[in-house]
Amino acid sequence: MVDRLANSEANSKRIGVVEGCFGAAGQPLVIPGRVLIGEGVLTKLCRKKPKARQFFLFNDILVYGNIVIQKKKYNKQHIIPLEGVTIDTVPDEGDLRNGWLIKTPTKSFAVYAATATEKSEWMNHIGKCVEDLLQKSGKAAPGEHAAVWVPDSEATVCMRCQKVRFTPVSRRHHCRKCGFVVCGPCSEKKHLLPSQSSKPVRVCESCFLQLTAAGGGGPAAPRRSSDSYGRTGSKFHNLSDDDDEDDSSD
């Protein structure tokens with residue numbers, strides 16, 4: 001069915017509408033062979049709190065963005081190549097139900113559907129698209145994925161030293177290797193994680209020692225002392241402290 005729709009006029013129009021909803025700031029989506037499989041609103045577990053995001057599943061990419069006007073306007077477009085995606089179910093916990101992890105080498109996060117049926121449909125369609133892509137390309141599924149960040153709300157004290165309590169002055173930071181919420185003193189080091197960034201990124205002391213002992217990644221650099229209180233964002237958008245508007249700091 002996907003092959004039949006690939007070059008149909010109706011499919012091209014549907015993709016064109018999605019492209020238009022993101023406006024000039026979005027990337028072009030209409031290319032030969034691309035098919036829009038489905039779309040819907042999912043709750044993405046962001047750094048500070050869960051937020052509704054509009055998702056579009058194509059046969060080769062997963063696209064999502066912030067909802068400005070439902071069905072009409074979206075911004076902050078993110079494009080995830082499906083070849084690098086693996087998915088895992090997430091157990092229900094409290095109000096967070098019907099969830100699964102979307103894991104890639106550069107970024108991983110949890111999303112939640114409104115019903116168990118929607119979750120099943122999303123996971124089945126994503127899994128089938130990934131399987132078809134890997135079969136066609138002959139590539140293997142990625143062996144390593146970026147850590148899923150622990151939400152800020154789940155840590156009132158540093159998850160490494162268990163001593164520093166977070167306050168407006170003592171800020172939360174995230175280790176790019178393990179995803180833990182850590183204090184400034186426990187995350188003063190940087191290490192190169194090539195799948196995530198072309199530059200060294202913040203890691204906790206524990207992960208730094210493991211990485212340097214294993215010889216993985218690349219050269220490390222200490223953070224400036226002022227980095228505990230603020231820094232400018234990375235140019236590498238996939239490694240911003242979170243890609244959503246409420247996550248501009250790490």
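Contact here means heavy atoms within 4.5 Å. The model described is predicted.

**Helix α3**

Helix α3 covers residues 116-137 and spans 32 Å from its first C-alpha to its last, close to the 32 Å expected at 1.5 Å a residue. Its buried residues are Lys119, Trp122, Met123, Ile126, Cys129, Val130, Leu133 and Leu134. They lie on the same side of α3, because they cover an arc of only 135 degrees around the axis. These buried residues pack against the strands β1 (36-45), β2 (50-58), β3 (61-69), β5 (86-90) and β6 (99-103). Ala116, Asn124, Gln135 and Lys136, on the other side of α3, are exposed. After α3 comes Gly138, which has a positive phi near 75 degrees.

**Salt bridges**

Side chains of opposite charge can pair when their charged atoms come close.

| Pair | N to O distance |
|---|---|
| Lys71 and Glu39 | 3.7 Å |
| Lys48 and Asp152 | 3.9 Å |
| Asp132 and Lys128 | 2.8 Å |

Lys71 is in the loop between β3 and β4 (73-81) and Glu39 is in strand β1, so this pair ties together parts 32 residues apart in sequence. Lys71 is exposed, at 56% relative accessibility, while Glu39 is partly exposed, at 35%.

The side chains of Lys48 and Asp152 also meet in a salt bridge. Lys48 sits in the loop between β1 and β2, and Asp152 in the loop between α3 and β8 (173-174), 104 residues apart. Asp152 is buried, with 9% relative accessibility, whereas Lys48 is partly exposed, with 44%. Arg47, Lys48 and Asp152 are linked in a network of salt bridges.

Asp132 and Lys128 are 4 residues apart in helix α3, so about one helical turn separates them.

Terms used:
Residues are numbered from 1 along each chain as its sequence is written. This is a predicted model: local features need pLDDT of at least 70, side-chain atom pairs count only at pLDDT 80 or more; totals for chains, interfaces and linings use all residues. Side-chain values use heavy atoms; hydrogens and water are left out. Helices (H or I, at least four residues) and strands (E, at least two) are DSSP runs, numbered from the N terminus. The expected span of a helix is 1.5 Å times one less than its number of residues. Buried means under 20% relative accessible area, exposed over 50%, partly exposed in between (1.4 Å probe, protein chains only). The arc is that of the directions from the helix axis to the C-beta atoms. A salt bridge is a side-chain nitrogen of Lys or Arg within 4 Å of a carboxyl oxygen of Asp or Glu.
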